[in-house]
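Biologist: Please show me how to read the features of this model, taking the general idea before each case.

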Amino acid sequence: MAVNLVNVENISKVYGTRAVLDGVSLGVSEGDRIGVVGRNGDGKTTLIRTLARLEEPDTGRVTHLGGLRLGVLTQHDSLDPEATVRHEVLGDMADHEWAGDAKIRDVLTGLFGGLDLPGFPQGLDTVVGPLSGGERRRIALAKLLIAEQDLIVLDEPTNHLDVEGIAWLARHLRERRSALVCVTHDRWFLDQVCTRMWDVQRGTVYEYEGGYSDYVFARAERERIAAGEEAKRQNLIRKELAWLRRGAPARTSKPRFRVEAANELIKDVPPPRDRSELMKFASSRLGKTVFDLENVTVQAGPKVLLKHVTWQLGPGDRVGLVGVNGAGKTSLLRALERAARTEGEEQPAGGRIAVGKTVKLACLSQEIGELDPSWRVLEAVQRVRERVDLGKGREMTAGQLCETFGFGKEKQWTPVGDLSGGERRRLQLLRLLMDEPNVLFLDEPTNDLDIETLTQLEDLLDGWPGSMIVISHDRFFIERTTDTVYALLGDGTLRMLPRGIDEYLERRQRMEQQAAVAGPAPAARKAAPPTAHKPQKSAAEQRAAKKELQKIERQLDRIAEKESALHARIAEHATDFEKVAELHADLRTLTAEREELELRWLNLAEDA
């Protein structure tokens, strides 16, 4: 029987006149992996700080098992600014001692990219004080993970980690024996790591078994039973459940919730978006050209980030952009933005960017733009426009869009200066969409947004007719809002990834393995003449390749449907071995056909 590590009995916590926690009773046992979700301001951080005894409850009590080894990652670190990274993370351990420990090597490599901390000016001997908030947070996380713990409490551990870092952290936590309580807005991470969920809502904590997918199903079921209470929220959660059921099958290793019940719940929910309808509408708003890049080179100061890139963003294209930090994702967006702002006059270091005449671009940067703090929320939105056309006959007033983004009628009269960081981010997004752009650049749009707001934003973008590029470390958001993923792998190229982020992680892993085997490049190799560039295809050849690509994509969709039907029939005839063998033979034929089409698709993608 699992030992109870922490007991929370009937605790309450009040700030001013608002009860953040009201009579909450919970427990954490050995082996528990608990994800904590809820809207910003509903008390997630207060709950885990109280659970870890960093704050005392107003009423009730929190008890810990005697001798409990507890590790806590808060949103503000307590690192000594005058100490070195070595001292903070490794303490007084000798080099041979920590270098011989596989767990320490794994943590340093996973969080910093190498034992010598390649991103830090003096490696392990770098002084902590001048480092950025993101770098300090990685150091605090490494310090915590290297120690032996019975229970780890993490508040937003994926902040400032890239896609690779998040994937590594998920694997590391799955393999640890420590119990875990984790607050995060990263839904992919929750699904990978957690086996229970705590949903903090208006002072109450609801418990659910399973990861994020199971939680979405259970919550949708609970809200369906309480039918009349929150119809709008119910419909939104059912739409997200539909996405989870119909989305990429590789998201989880096995079905995470009861398929029949889930299908019954979503039977009348439309697909997240009608791609062909949106493409048609986007073409009418944008024409044939949005952005055409021909032999483009992008630099940041003296550093060349992208070399000889030829690429096209067409009407209705929804692109996710991933890549290693510093590979040039934000720089590429800035080059496109400059070309659009100057109507093609300001060009990158090499090559040319052609911009469509009807392009109306809106950009959400990582920095939160300054607004007059005396403005009210509704006023800040109405200063852009009173009403917005969302396409397909949908129109919203400024007040309705405010409510969609979590600004209720009372909140709409709050001064901008009183908003939290997450609320200002929501307001910034709102103002962008109110301006009715037809091209959107979103650079880390999920920063500071809670899961409920992310779901509302995804729902809004599902039906948004235009072209879009999204840079994000949130895998769930990328998969939900985009149709194609491109990667910057740090080698100056821009590559399309048919299998999305899973393929990106595989490529990065292979690159790291090859680099480890090859070691430092010899001087002779460095001096070798550059290889000739592949000759550019003519415009007619590129158009023909794109046409065939679209044909292959339709064929792949049909094959995927046939494969799903075959899997269902195999399950139906599970006891008829002869029939199962016959169906497996059909499945193998389909798989071979799909692999051949995928190979042809990859070859054509280079020509297009």
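**Reading the model**

Biologist: Where do tyrosine 212 and tyrosine 215 lie?

Modeller: Both belong to helix α8 (residues 212–225), three residues apart, about one turn of the helix. Helices (H or I, at least four residues) and strands (E, at least two) are DSSP runs, numbered from the N terminus. This is a predicted model, in which local features need pLDDT of at least 70 and side-chain atom pairs count only at pLDDT 80 or more, whereas totals for chains, interfaces and linings use all residues. Residues are numbered from 1 along each chain as its sequence is written, and side-chain values use heavy atoms, with hydrogens and water left out.

Biologist: Are tyrosine 212 and tyrosine 215 buried or exposed?

Modeller: Buried means under 20% relative accessible area, exposed over 50%, and partly exposed in between (1.4 Å probe, protein chains only). Both tyrosine 212 and tyrosine 215 are buried.

Biologist: How many aromatic pairs are found in the whole structure?

Modeller: Rings of Phe, Tyr and Trp (its six-membered ring) pair if their centres lie within 6.5 Å; planes under 30 degrees apart count as stacked, over 60 as edge-to-face and the rest as tilted. The search finds six aromatic pairs. In one of them, the ring centres of tyrosine 208 and tyrosine 215 are 5.1 Å apart and the planes stand at 75°, so this pair is edge-to-face. Tyrosine 208 counts as buried, at 8% relative accessibility, and tyrosine 215 likewise, at 3%. Tyrosine 212 and tyrosine 215 form a tilted pair, with 5.6 Å from centre to centre and 50° between the planes.

Biologist: Which residues do ring pairs link into a cluster?

Modeller: The cluster consists of Tyr208, Tyr212, Tyr215 and Phe476.

Biologist: What is the order of the strands in the open sheet?

Modeller: Strands of a sheet pair through backbone hydrogen bonds, either parallel or antiparallel. Two strands pair if DSSP finds at least two bridges between them. Here the three strands follow the order β2-β1-β4, with antiparallel pairing. Strands β2 (18–29) and β4 (59–64) are at the edges with a single partner strand each, so one side of each has no neighbour in the sheet. Strand β1 (residues 4–15) is joined to β2 by eight bridges. Asparagine 7 has glycine 27 of β2 as its bridge partner.

Biologist: Which strands does helix α1 touch?

Modeller: Contact means heavy atoms within 4.5 Å. Helix α1 (residues 44–51) packs on the sheet and touches β1, β2 and β4.

Note on methods
Axes fitted to C-alpha atoms, helices over the stretch in contact; angles between N-to-C directions.
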